[in-house]
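Subject: Handover of a structure and the findings on it

Dear colleague,

Please find below the sequence and the structure that I am handing over to you. A summary of the findings follows directly after them.

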Amino acid sequence: MIKNNSPLSRADIARLTGMSPTTVSRIVSELYHLDFMHEIEQETTSVGRKAVFLQVNPQSVLSVGVEIDKANIRIGVIDLDGRVIGSRMIERQKNEASEITLEHIAGGINELIEEESFDRRRIVGIGVGLPGIIDHASGTAVLSAQLGWKQTDIAGVLKKHTGLEVAVDNELKVKSLAEHMYGSAKGSNRSVLIGFGSGVGSSLIIDGEIYRGESNSAGEIGHTVIDPNGILCECGKVGCLQTYIAEASLIEQSNKIKPITSLDELFQAKHNGEFWASSILERAMTFVAVTISNIACMYNPDTVILTGKLVERFPEVRAFIAEKCMEQFVWEPLRGTFQIVYSAFENDGVVIGSGLLAQSRFLDIGSQMEQVEQV
């Protein structure tokens with residue numbers, strides 16, 4: 001409560017929780033003794049009188065956030081204010097086995113803690129974000145097509161090598177958590193993050209909680225079929241949304257006309273006046289707008305956050321969204337009911353969100369233990 005609403009006085013806490021002032025003072029005293037809290041003085045309306053308020057010490061609880069991508073691994077130590085206070089990057093070899101990747105991550109975490117002299121007693125856990133279908137309860141990657149992993153026990157392996165508790169989730173879900181708590185969706189009641197990158201996916205936050213669905217696969221919009229006579233997707237179906245937007249698909253379509261290896265080259269061909277490149281990109285931008293419109297109809301959010309290389313690196317995509325999305329694609333009754341924003345974190349979003357996931361699990365367990373003690 002103090003973390004989310006600070007600064008608070010002891011009287012504020014007693015009033016909000018219904019606990020007695022004596023109980024509040026006992027709990028606060030314990031937290032203060034363990035250096036979780038600081039006291040700050042603020043002037044009150046009474047002449048010459050200062051009130052004592054409580055504020056969380058952001059260095060008192062630390063976590064490790066990890067992003068696993070196809071080519072790179074990002075590791076960061078996150079404080080209670082959601083700031084990255086130490087980081088490193090590890091290259092991941094093509095087709096590297098999951099066991100090797102996880103050993104490298106564990107080694108990188110242990111080295112970062114040692115080199116930066118972080119107090120290991122303050123580190124409450126590791127959070128991991130990666131693409132794919134994740135069983136967050138067990139910390140297992142059920143399927144990550146981008147990494148080539150199936151039924152991979154991420155939590156078990158990392159805990160074995162580090163001794164720390166491990167929380168694992170889909171990369172967009174943890175990134176949406178970071179945006180909700182400290183980024184572009186702070187203060188939102190119902191936000192959706194949409195990622196346009198190696199695939200297309202989304203994550204919904206309702207009243208501060210990630211909406212997961214039955215198998216934690218809610219938001220996998222990239223595999224919704226929008227054209228049953230369309231392009232063959234890597235999943236085996238035809239006409240999936242991501243075949244019109246995902247980077248690999250756009251490059252594959254381009255190579256039918258001209259050798260292209262990146263989105264930068266594709267946009268350069270468009271700038272050079274090559275009609276085929278303009279056609280592919282115009283269609284992709286149209287489907288980006290269609291995705292935003294469909295998300296608005298399905299979830300009725302107050303905020304839509306856009307992230308991923310396609311929308312973050314190329315100004316013409318942002319311009320297309322600003323000029324045409326609301327006016328031409330969004331259902332009229334929904335216009336003006338939500339805002340379209342962009343990620344506040346970009347490269348650090350998954351690392352921060354993963355670290356916050358580990359912190360949330362730690363704080364939730366502490367809250368449950370306190371409730372049991374009161375009973």
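How many bridges join strand β4 to β5, and do these strands run parallel or antiparallel? Seven bridges join β4 (residues 72–78) to β5, and the two run antiparallel.

Please note that this is a predicted model, in which local features need pLDDT of at least 70 and side-chain atom pairs count only at pLDDT 80 or more, while totals for chains, interfaces and linings use all residues. Residues are numbered from 1 along each chain as its sequence is written, and side-chain values use heavy atoms, with hydrogens and water left out.

Helices (H or I, at least four residues) and strands (E, at least two) are DSSP runs, numbered from the N terminus. Two strands pair if DSSP finds at least two bridges between them. Contact means heavy atoms within 4.5 Å. Axes are lines fitted to C-alpha atoms, for helices over the stretch in contact, and angles run from 0 to 180 degrees between N-to-C directions.

The five-stranded sheet

β4 and β5 belong to an open sheet of five strands with mixed pairing, in the order β5-β4-β3-β6-β10. β5 and β10 (166–170) stand at the edges with a single partner strand each, so one side of each has no neighbour in the sheet. From one strand to the next, the twist averages 15°.

G86 lies in β5 (residues 84–91). With a relative accessibility of 8%, G86 counts as buried (buried means under 20% relative accessible area, exposed over 50%, partly exposed in between, with a 1.4 Å probe and protein chains only). Leaving aside residues up to four places away in sequence, G86 touches I75, G76, V77, L112 and F118. G86 and V64 are 22 residues apart in sequence, and their C-alpha atoms are 9.4 Å apart in space.

The three-stranded sheet

An open sheet of three strands has the order β7-β8-β9 and antiparallel pairing. Its edge strands, β7 (133–135) and β9 (149–153), each pair on one side only. Neighbouring strands of this sheet are turned by 10° against each other on average, direction ignored. Four bridges join β8 (residues 140–144) to β9, and L143 stands opposite K150 in β9. Helix α5 (residues 154–162) packs on this sheet as well, touching β8 and β9, and its direction makes about 45° with that of β9.

Helix packing

The axes of α4 (residues 98–115) and α5 come within 9 Å and cross at roughly 40°. α4 is therefore oblique to α5 (angles under 35 degrees count as roughly parallel, over 145 as roughly antiparallel, 65 to 115 as roughly perpendicular and the rest as oblique). The contact is made by L102, E103, I105, A106 and N110 of α4 together with I154, V157, L158, H161 and T162 of α5.

Helix α8 (residues 263–271) and helix α9 (residues 275–299) pack with their axes 7 Å apart, at an angle of about 120°. These two helices are therefore oblique to each other. On the α8 side, the contact is made by L266, F267, A269 and K270, and on the α9 side by W276, A277, S278, I280, L281 and E282.

Helix α7 (residues 247–254) is largely enclosed by the rest of the structure, because six of its eight residues are buried. These are E247, S249, L250, I251, Q253 and S254. The buried residues of α7 pack against α8, α9 and α10 (309–312).

A colleague
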